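Let's take a walk through this one, starting with a charged side chain and following the contacts from there. Have the viewer open as you read.

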Amino acid sequence: MSDPDRGGPDPRGGAAARLVARDRAVVWHPYATAGAAAGGPLFAVASASGVRLQLTDGRELIDGMSSWWAAIHGYRHPVLDAAAHAQLDTMAHVMFGGLTHEPAVRLAETLVAITPAPLSKVFLCDSGSVSVEVAIKMALQYWLGRGRPRRTRLLTVRRGYHGDTSGAMAVCDPDGGMHHLFAGLLSRHLFAPAPACAFDEPCTDAHVAPFAALLAAHADETAAVILEPVLQGAGAMRGYHPGFLTRVRELCDEHGVLLIADEIATGFGRTGELFGCDHAGVSPDIMCVGKALTGGYLTMAATLCTDEVADGVCASEAGAFMHGPTFMANPLAAAIATANLEVLLGSPWRETVRRIEAELAAGLAPAAALPCVADVRTLGAVGVIETREPVDMAVIQPRLVELGVWVRPFGRLVYTMPPFITGTADVATLTSAMVEAVATASR
């Protein structure tokens, strides 16, 4: 007989209820209220394997979120498990100040090899938000080193999302985003309209004109432009035409402004190219990667830059880049990240993402006929149903679980970013559940 309190099946749900109650007493979840009266349903997970989450009450869910887009190879992948065990036999962590080690160097070499040239230097970070903070600090310190201290502002587009730390929040959408509460804390940056040209629509000069005018008017005070290439993530879940990114790169060159590509959500194949920038054939001056970097095993991100940026940073009065996370270049995370990239690059990932894209498009298409739905869209292994009004999480989340899938909506977006190992039948289950849950939740 299994013991539900030790994570085994529990058909009656007693262990799950007890764990949730203990959680409510002491844990504060992301984007949620705190305490025993915290709103929204909570589900206890006992284990995860492949693309399935096993709940403590015995139910099994197909994971449609890749654990916030990180677990691209699913859970308990044998190659990544082996890399973790092997590294633990050597060292789990060592400080990176004044020391180096094989896992960090090998990972950095791999990232330089697969990202667009001339990115050549890698600063290993703790998380995606931290990698954005690092990118912003690099850009500002670069201009100090180049004798242009007035270049202190960032320019971006609305509907963007770059993280929850203060520097990253300051370049998220200041009105429609989730961080308007902290406006008094944040630096004031420049926001052009979100790209109006969808991914599969032509990008014209008129689409780029507002961005171009804003950059021209503020070029002397702009340190860098920061964008999510071709797909805006948590701010909109909306793709835009690569031609817009091409013109942004040209405008940055014209005005001598750095370009930061936030590839945290778009990197490592999610949009159908290895990086979002690859759709436009452009290279940024600074690039942020994270999320899928370690396959969801451990937190790690990286900020890459060109030699030109690195030289400018080090030419500043400080003489060095002034940032140093405690767990920077953690050997365990670095070893798993390298193994994760080897699994990805050794697989037919491009064909796999193309298959998932086609299956998502077909499976979600019926949602377009629902009166409550404003839009249905796909890009790579990303599928989105956008509703006309915000979804009721207390209604739609349990319904999705009843239908056997783990999909975590927010606002007006019911979306999926499944692991790349998700098979055709499981994609069909995900999409049919999403369509049915949206339909029933709107009644």
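Start at Arg 52, which is partly exposed with a relative accessible area of 27%. Keep in mind that you're looking at a predicted model. Which side chain does Arg 52 meet in a salt bridge? It's Glu 60, at 3.2 Å from N to O. Glu 60 is partly exposed too, at 43% relative accessible area.

Now hop over to Glu 342 and Arg 106, whose side chains form a salt bridge at 2.4 Å, N to O. Glu 342 sits in helix α11 (residues 331-345) and Arg 106 in helix α4 (residues 102-114), so this pair ties together parts that are 236 residues apart in sequence. Glu 342 is partly exposed at 42%, and Arg 106 is partly exposed at 39%.

For a pair within one helix, check out α12 (residues 349-364), where Glu 359 and Arg 355 are four residues apart, or about one helical turn. Their side chains meet in a salt bridge at 2.9 Å, N to O. Here Glu 359 counts as buried, at 17% relative accessibility, while Arg 355 is partly exposed at 28%.

Salt bridges also link up into a network made of Asp 375, Arg 377, Glu 386 and Arg 412. The count of salt bridges comes to 19.

Finally, have a look at helix α5, residues 128-145. Its 18 residues reach 25 Å from first C-alpha to last, close to the expected 26 Å. Of those 18 residues, 15 are buried, so α5 is largely enclosed by the rest of the structure. After α5 comes Gly 147, with a positive phi near 75°.

Conventions. Residues numbered from 1 in each chain as written. Predicted model: local features only at pLDDT ≥ 70, side-chain atom pairs only at ≥ 80, totals over all residues. Heavy atoms only, no water. Helix = DSSP H or I, 4+ residues; strand = E, 2+ residues; numbered from the N terminus. Expected span 1.5 Å × (residues − 1). Buried < 20%, exposed > 50% of the residue type's maximum accessible area, 1.4 Å probe, protein only. Salt bridge = Lys/Arg side-chain N within 4 Å of Asp/Glu carboxyl O.
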